[in-house]
Amino acid sequence: MSTATAATVSSQYDQLIGLVRDANLLGSTSALLGWDQETMMPPGGLAHRARQQAQLARLSHEALVDPRVGDLLAECETDRALTADPLSATAVNIREIRIDYDKATKLPTALVEELARVSSVAQHEWALARKASDFTRFRPHLERIVELVRRKAECFGWPEGGEAWDALADLYEPGCTAAEVQRVFKPLRERVVKLLDRVLGSKTGPSNAFNELPLPIDAQERFARSVVERLGFDFDRGRLDRSTHPFCGGSHCNDVRMTSRYTETCLNDGLGSAMHECGHGMYEQGLLEEHIGTPMGQAVSLGIHESQSRLWENQVGRSRSFWTWAHGQLPASFGDAARRFSLDELYGAANIVEPGFIRVDADEGTYNLHIMVRFEIERAIVAGDLAVKDIPGVWNKLYKDYLGLDVPDDRRGCLQDIHWSFGAMGYFPTYTLGTLYAAQFFEKAVAEMPGLPNEFAAGEFGQLKKWLNRNIHAHGKRYRPGELCTVVTGKPLSADPLMRHLEGKLLPLYGG
Ligand code: ZN
């Protein structure tokens with residue numbers, strides 16, 4: 001290829017990246033408005049905010065499906081200089097922009113609009129039905145949603161041997177299939193159930209007293225801020241505020257917005273949420289600025305994002321070494337109230353296991369069973385093997401089988417989560433995949449740096465953060481989720497590291 005042609009093609013790559021950055025700039029503005037809506041906006045602003053968001057969504061979709069993107073992509077794809085090394089930034093960006101472009105153009109605008117319209121009504125109806133604890137009220141809306149997400153799956157299509165659920169899951173976890181999820185979930189469930197039998201059958205266990213200690217909310221928030229700063233969150237490039245549902249958003253690696261919520265009687269609720277969101281936040285801050293607005297500057301998937309939050313919340317935040325340090329920090333924030341608790345009591349209180357109805361309140365030991373119930377149900381629903389009207393019965397039966405609980409009503413049963421009401425089917429497993437990735441990444445980090453627990457006990461978390469920056473964050477979307485796992489840990493995703501983590505911690509705490 002002559003120099004002149006190479007220069008032309010490379011300028012076409014620059015044009016392509018320019019268009020993609022413009023589309024993502026709109027998306028980042030929308031993210032900031034979303035954060036504002038949850039933290040600062042007065043209730044009266046809702047209708048206007050909805051119009052602002054709808055306009056941004058339309059503009060960013062139009063930018064994404066611009067035929068110029070298709071033309072430039074086609075030209076870039078034939079340029080060996082850009083694509084010869086499949087792991088180069090140019091090749092990765094071209095590959096991922098193609099995936100996004102095909103996805104966006106495969107969906108007819110009418111279907112996109114219909115889904116947006118139906119799901120905004122369904123979300124509203126879901127909230128009312130949940131309040132009334134009445135699934136029959138939500139049922140017709142969910143039936144409509146299921147119909148539309150099936151059509152969406154058909155538009156995307158799925159590889160030979162797969163199923164419709166795969167096409168939906170691929171939006172959240174690229175390459176994820178129901179068969180693969182099943183391969184990992186099955187042994188996980190068997191081992192979790194065995195572990196829970198031993199833990200719950202034990203006559204001894206940690207005391208919950210610290211989780212019932214009233215502590216001032218403002219002091220809890222100050223403490224949570226000091227902890228996440230210590231973990232490595234950069235407050236010059238991010239914020240931590242309050243919201244009803246904790247989340248991490250923001251518009252750029254230099255402007256990350258996270259939130260937590262605090263309850264008067266349980267420090268671990270607010271602190272755990274803050275540490276969880278801090279893991280998401282440090283992932284965003286760890287993306288490389290030069291790549292922001294392109295796939296190389298974006299997180300791999302929801303599952304990998306969740307691995308970062310779970311790792312800091314669970315592997316670090318529920319460890320004895322973390323509490324060794326935190327134990328010494330509490331009196332400065334909470335005075336005598338905290339002083340009467342021993343390190344063992346604090347560590348135990350962070351690791352109480354108790355089956356409950358509500359997923360978001362679940363402990364580390366039972367959490368994944370909640371996800372498995374949802375996965376089995378949505379897989380059957382999307383495949384057409386289960387009718388929407390039969391969801392409550394199946395839900396309640398699975399809660400009895402997996403968690404030994406009799407679900408008292410739909411509010412604490414199949415109406416508790418918002419996800420299905422906005423058409424997010426294929427989403428739930430990313431929570432458990434993230435938990436599994438977290439355990440596998442952390443095990444590898446400790447194998448490479450055996451001094452980590454001692455560092456945590458001294459309040460030093462920088463080595464772990466740097467390791468995550470280097471091994472995960474800096475790659476952007478270079479690898480697909482499963483591939484990243486193999487590159488970082490040398491092995492495909494497995495349930496073993498999580499089970500080693502849970503058994504190694506919970507059995508001693510519960511006298512096993
Ligand atoms: Zn999360």
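Two strands are said to pair if DSSP finds at least two bridges between them. In this predicted model, strand 1 and strand 3 (residues 255-260) meet that condition, with five bridges in the parallel sense. The link between strand 2 and strand 3 is a hairpin of two residues.

Taken together, the three strands form an open sheet with the order 1-3-2 and mixed pairing. Strand 1 (238-242) and strand 2 (248-252) are the edge strands, each pairing on one side only. From one strand to the next, the twist averages 20°. Strands of a sheet pair through backbone hydrogen bonds, and the pairing can be parallel or antiparallel.

## Helices against the sheet

Two helices are described in relation to this sheet. Helix 10 (residues 217-231) lies across strand 1 and strand 3, and runs at about 155° to strand 1. Helix 11 (residues 267-286) packs on the sheet and touches strand 1, strand 2 and strand 3. The direction of helix 11 makes about 165° with that of strand 3.

How many residues of strand 3 are buried? Five of its six residues are, and the strand is described as mostly covered.

## The second largest pocket

The second largest pocket has a volume of about 300 Å³. Its lining is made up of 17 residues. Those that lie nearest the centre of the pocket are Gln315, Ser319, Phe442, Val446 and His501.

Which helices each supply at least two residues of this lining? They are helix 12 (302-316), helix 13 (320-334), helix 18 (429-448), helix 19 (452-457) and helix 22 (496-509). By class, the lining residues of the second largest pocket divide into seven nonpolar, five polar and five charged.

## Cavities

A search of the whole structure finds four cavities of 30 Å³ or more. The largest cavity has a volume of about 40 Å³. Its lining consists of Gln182, Phe185, Lys186, Arg189, Met372, Phe375 and Glu376.

Helix 9 (178-201) and helix 16 each supply at least two residues of that lining. Helix 9 gives the most, with four residues. The lining of the largest cavity has three nonpolar, one polar and three charged residues.

Val181 is found in helix 9. Is Val181 buried or exposed? Val181 has a relative accessible area of 1%, and buried means under 20%, so Val181 counts as buried. Leaving out residues up to four places away in sequence, Val181 touches Trp165, Cys176, Phe375 and Pro429. One of these, Phe375, is also listed in the lining of the largest cavity. Met282 is 101 residues from Val181 along the chain, and the C-alpha atoms of Val181 and Met282 are separated by 27 Å.

Asn368 has its place in helix 16 (residues 367-383). Asn368 is buried because its relative accessibility is 2%, where the cut-off is under 20%. Not counting residues up to four places away in sequence, Asn368 touches Leu188, Thr432, Thr435 and Leu498.

## A partly exposed residue

Thr486 lies in helix 21 (residues 481-489). Why does Thr486 count as partly exposed? The relative accessible area of Thr486 is 35%; buried means under 20% and exposed means over 50%, so a value in between is called partly exposed. With residues up to four places away in sequence not counted, Thr486 touches Lys491 and Pro492.

How values were computed. Residues numbered from 1 in each chain as written. Predicted model: local features only at pLDDT ≥ 70, side-chain atom pairs only at ≥ 80, totals over all residues. Heavy atoms only, no water. 1 Å grid on protein atoms, 1.4 Å probe; cavity = no way out; pocket = protein on both sides within 12 Å on 5 of 7 lines; lining within 4 Å. Points joined across faces, edges and corners; volume = space filled by probe spheres on them. Nonpolar A, V, L, I, M, F, W, Y, C, P; charged D, E, K, R; others polar. Axes fitted to C-alpha atoms, helices over the stretch in contact; angles between N-to-C directions. Contact = heavy atoms within 4.5 Å. Buried < 20%, exposed > 50% of the residue type's maximum accessible area, 1.4 Å probe, protein only.
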